[in-house]
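Dear colleague,

I am handing over the structure we spoke about, and below it you will find my notes on what turned up when I went through it. Please read them with the model open beside you.

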Amino acid sequence: MDYRIGVIPGDGIGPEIVREARKTLDAVCAKYGHHFTYTELLLGGASIDVHGVPLTEGTIETAKGCDAVLMGSIGGDAKTSPWYQLPPDKRPEAGLLGIRKALNLFANLRPAYLYDELRAACPLRDDISAAGFDMLIMRELTGGLYFGARRTEEVDGVRVATDTLSYSETEICRIAKRAFDIAMKRRKKVCSVDKANVLDSSRLWRQVVEEVAKEYPEVALSHMYVDNCAMQLVMNPAQFDVILTENMFGDILSDEASMVTGSIGMLSSASLNETKFGLYEPSHGSAPDIAGQDKANPIATILSAAMLLRYSLDLDEEADAVEAAVRQGLKEGYRTGDIMSEGCTQVGTCEMGDLIAARV
């Protein structure tokens with residue numbers, strides 16, 4: 001099969017980790033007889049350097065013509081980079097928000113999986129980590145507080161800031177359907193997280209999720225307040241399968257879930273629209289302090305490429321092969337510096353990519 005893959009190398013370590021993910025995708029092509037045509041796109045700081053803005057209409061239109069987009073990390077050192085002397089809407093991260101909105105990428109998927117080989121790095125108590133966990137956080141990505149109307153004004157001599165949290169039933173319904181669809185491919189459990197005891201938006205969220213649940217009788221639905229969910233993620237993460245939540249709660253909870261795995265360098269993510277199209281990127285940042293030093297862990301980006309195969313191209317067997325290759329490399333004791341432990345073999349970015357591609 002022929003597929004068109006947009007590639008956004010990004011900033012910092014982005015070009016290095018994307019290079020290793022492409023090695024893995026090329027290994028998939030060689031094994032399974034596919035052909036990927038890659039088109040490189042600029043976003044973030046790299047786009048600012050060339051075009052003066054973090055996102056161009058050309059990048060958006062080219063991305064729309066692809067089957068999926070694989071992306072590295074965006075941004076730089078906020079203290080030293082000239083990008084952060086620009087107005088907020090011209091900085092690298094504005095490009096990421098812009099492309100999500102332009103491509104209608106409303107569903108963010110963040111898996112959090114504890115590998116047996118990395119259990120020692122888990123910050124939780126041994127009796128908790130021994131149970132393991134395998135969860136996926138489904139975060140609504142284009143609505144809510146982050147995209148609502150906002151203003152700062154002076155009222156009677158006092159500065160007042162206002163941010164608007166708004167959700168329509170249409171926005172809630174479409175993200176809920178995505179969560180239930182994915183739960184059907186997993187352990188068939190959805191935990192919807194809200195703050196329905198306080199917020200009107202959460203009360204509507206809960207009502208609409210319950211309506212959608214009726215279409216999925218095989219999936220068990222539960223509800224949890226966000227503050228309780230934050231506690232449960234460190235007390236008993238094994239209870240969760242798919243966590244469904246709104247934008248701001250999902251932002252916070254997915255970062256918490258990432259840290260209980262032991263290393264954010266292992267965590268992939270996907271942002272999907274209403275079609276099969278998605279943008280796939282690692283959950284970590286651009287780490288400019290180690291850029292170009294062959295130190296970055298490429299596994300999160302490689303696992304993001306596996307999600308690309310699974311969710312945008314419907315190549316489940318190929319995605320399984322990539323994930324198995326990552327596990328095999330870890331079982332054989334290969335580690336980048338961020339996940340290094342006694343008795344293992346430390347390798348650099350490039351060698352780790354070679355090892356995983358060879359095991360596909």
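Helices and strands here are DSSP runs numbered from the N terminus, a strand being a run of E with at least two residues. In that sense Arg150 belongs to strand S6, which covers residues 150-155. Please keep in mind throughout that this is a predicted model.

To stay with Arg150 for a moment, its C-alpha lies 41 Å from that of Gly132, although the two residues are 18 apart in sequence. Once neighbours within four places in sequence are set aside, the contacts of Arg150 are with Leu145, Thr162 and Asp163.

Val158 sits in strand S7, residues 158-163, and it is classed as partly exposed because its relative accessibility is 48%, which falls between the 20% limit for buried and the 50% limit for exposed. Together with Val155 and Val160, Val158 makes up a nonpolar surface patch whose accessible area comes to about 210 Å².

Turning to the sheet, the model has an open one of 10 strands with mixed pairing, in the order S2-S1-S3-S12-S11-S4-S5-S10-S8-S9. Its edges are formed by strand S2 (35-40) and strand S9 (220-225), each of which pairs on one side only, and the twist from one strand to the next averages 25°.

Strand S5 (residues 134-140) pairs with S10 in the parallel sense over 4 bridges, and Arg139 has Thr245 as its bridge partner in S10. Strand S8 (residues 189-194) is likewise parallel to S10 and joined to it by 4 bridges, the partner of Val190 being Val242. Helix H9 (residues 247-260) lies across S4, S5, S8 and S10, and runs at about 155° to S5.

Conventions
Residues numbered from 1 in each chain as written. Predicted model: local features only at pLDDT ≥ 70, side-chain atom pairs only at ≥ 80, totals over all residues. Heavy atoms only, no water. Patch = residues over 30% accessible without salt bridge, like charges linked within 9 Å, V, L, I, M, F, W, Y side chains within 5 Å. Areas by Shrake-Rupley, 256 points an atom, 1.4 Å probe, with all protein chains shown as cover. Salt bridge = Lys/Arg side-chain N within 4 Å of Asp/Glu carboxyl O. Buried < 20%, exposed > 50% of the residue type's maximum accessible area, 1.4 Å probe, protein only. Pairing = 2+ DSSP bridges. Axes fitted to C-alpha atoms, helices over the stretch in contact; angles between N-to-C directions. Contact = heavy atoms within 4.5 Å.
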